[in-house]
Amino acid sequence: MSEPLAAVGTWRPVMEAAGHRCQCSGQCGNAHAKTDGRCPREHDGYTSKHGHRVRLMAAPADPLTPPVKAVTLPPGELWAWCPECHAAAARRARVATPVDDVPGLFDL
């Protein structure tokens, strides 16, 4: 099984806790209905659609967590994510986040 070159001490416990499987349970917008609500992608597995290897990453459960904060989180606060689910979950979360009251172009 392949492992990252850095932060193995953080990555390995996250993957073991997740069973080396993506922990997305619909945050990406996909209900993952065929796999009991959880993404079926496993680390080092192959995707059937594109035939590339899946490389899971350890990232915060909240995909909008700033990178500066994310690197300080302990393994217990991280999830195993496949890149596709993480990117889609971050997009959905950004869209759902209300924008601060920013003045309009013509507001003085």
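Start at the second largest pocket of this predicted model. Select Cys28, Asn30, His32, Ala33, Lys34, Thr35, Cys39, Pro40, Arg41, Glu84 and Cys85, which line the pocket. Its volume is about 220 Å³. Colour the lining by class: five residues are nonpolar, three polar and three charged.

**Stop 1: His32**

Keep the pocket on screen and pick one of its lining residues, His32. His32 sits in the loop between helix 1 and strand 1. Is histidine 32 buried or exposed? Histidine 32 is buried, because its relative accessible area of 6% falls under the 20% cut-off. Now show its contacts, skipping residues up to four places away in sequence. Histidine 32 touches Cys24, Ser25, Gly26, Gly37, Arg38, Cys39, Pro40 and Cys85. Check the backbone too. Phi of histidine 32 is positive, about 50 degrees, although the residue is not a glycine.

**Stop 2: His20**

Select histidine 20, which also has a positive phi without being a glycine, here near 55 degrees. Histidine 20 lies in the loop between helix 1 and strand 1. Its relative accessible area is 21%, so histidine 20 counts as partly exposed.

**Stop 3: Cys22 and the core**

Move to cysteine 22. Which residues does cysteine 22 contact, leaving aside neighbours within four places in sequence? The list is Arg38, Cys39, Arg41, Leu56, Ala80, Trp81, Cys82 and Cys85. Cys22 belongs to the largest nonpolar core, a set of 19 residues. Highlight Cys22, Cys24, Leu56, Cys82 and Cys85, the residues with the most contacts inside this core. Helix 1 (8-18), strand 2 and helix 3 are the elements that give two or more residues to the core. Helix 1 supplies the largest share, four residues.

**Stop 4: Helix 3**

Follow Cys85 into helix 3, where Cys85 is one of the buried residues. Select residues 83-96 to see the helix, which has 14 residues. From first C-alpha to last, helix 3 reaches 20 Å, close to the 20 Å expected at 1.5 Å a residue. Which residues of helix 3 are buried? They are Cys85, His86, Ala88, Ala89, Ala90 and Ala93. An α-helix has 3.6 residues a turn, so residues three or four places apart point the same way. Next, show strand 1 (57-60) and strand 2 (78-81), which are included in what covers the buried residues of helix 3.

**Stop 5: Ala70**

Select helix 2, residues 67-70, and pick alanine 70 within it. Alanine 70 is buried, because its relative accessible area of 17% is under 20%. Leaving aside neighbours within four places in sequence, alanine 70 is in contact with Pro60, Thr65 and Leu78. Draw a distance from alanine 70 to proline 60. The two are 10 residues apart in sequence and 6.3 Å apart in space, C-alpha to C-alpha.

**Last stop: the whole chain**

Zoom out and colour by secondary structure. How many helices and strands does the protein have? There are three helices and two strands. Along the sequence they follow the pattern α-β-α-β-α. Switch to colouring by burial: buried residues make up 28% of the 108 residues. Of the contacts with a separation of 6 or more, 51% are between residues 24 or more positions apart.

Definitions and conventions
Residues numbered from 1 in each chain as written. Predicted model: local features only at pLDDT ≥ 70, side-chain atom pairs only at ≥ 80, totals over all residues. Heavy atoms only, no water. 1 Å grid on protein atoms, 1.4 Å probe; cavity = no way out; pocket = protein on both sides within 12 Å on 5 of 7 lines; lining within 4 Å. Points joined across faces, edges and corners; volume = space filled by probe spheres on them. Nonpolar A, V, L, I, M, F, W, Y, C, P; charged D, E, K, R; others polar. Expected span 1.5 Å × (residues − 1). Buried < 20%, exposed > 50% of the residue type's maximum accessible area, 1.4 Å probe, protein only. Contact = heavy atoms within 4.5 Å. Core = buried A, V, L, I, M, F, W, Y, C linked by side-chain atoms within 4.5 Å.
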